[in-house]
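Here is a short note for a colleague opening this model for the first time. Please read the points with the structure in view.

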Amino acid sequence: MTKEQQKQQFYKVFANLPINLREEIILVISGKGPITWQVAFLEVDNDTDLGKIILEKLSDLKII
């Protein structure tokens with residue numbers, strides 16, 4: 001899956017999440033700590049390096 005496809009799939013999953021689940025931790029990245037859905041959205045939306053790592057990890061875990 002390309003980065004753009006991963007990003008689109010992330011947006012699709014995020015949009016279908018109940019609002020109260022967006023504060024739940026979905027990943028723990030060493031050196032960065034716990035990542036919630038909200039933090040992941042901000043990082044992915046702003047095309048940061050951390051956002052790229054998050055997309056890769058979520059794809060590997062078959063979450064997106």
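1. D47 follows α2, and its phi is positive, near 50°. Helices (H or I, at least four residues) and strands (E, at least two) are DSSP runs, numbered from the N terminus.

2. A word on the source. This is a predicted model: local features need pLDDT of at least 70, side-chain atom pairs count only at pLDDT 80 or more, and totals for chains, interfaces and linings use all residues. Residues are numbered from 1 along each chain as its sequence is written, and side-chain values use heavy atoms, with hydrogens and water left out.

3. Look at helix α2, residues 37-45. Its buried residues are W37, A40 and V44. Buried means under 20% relative accessible area, exposed over 50%, and partly exposed in between (1.4 Å probe, protein chains only). Seen down the axis of α2, the buried residues fall within an arc of 60°, so they line one face of the helix. The arc is that of the directions from the helix axis to the C-beta atoms. An α-helix has 3.6 residues a turn, so residues three or four places apart point the same way.

4. What do the buried residues of α2 pack against? Their partners are α1 (3-15), β1 (25-29), β2 (33-36) and α3 (49-60). Contact means heavy atoms within 4.5 Å.

5. Now the aromatic rings. A search of the whole structure finds five aromatic pairs. Rings of Phe, Tyr and Trp (its six-membered ring) pair if their centres lie within 6.5 Å; planes under 30 degrees apart count as stacked, over 60 as edge-to-face and the rest as tilted. Y11 and F41 form an edge-to-face pair, 5.7 Å centre to centre with 65° between the planes. Y11 is in helix α1 and F41 in helix α2, 30 residues apart, and the pair links these distant parts of the chain. Y11 is partly exposed at 22% relative accessible area. F41 is partly exposed too, at 25%.

6. Ring pairs join F10, Y11, F14, W37 and F41 into a cluster.

7. T36 deserves a look. It lies in strand β2 and counts as buried, at 16% relative accessibility. Its C-alpha atom is 5.5 Å from that of I26, ten residues away along the chain. Leaving aside neighbours within four places in sequence, T36 is in contact with R22, E23, E24, I25 and I26.
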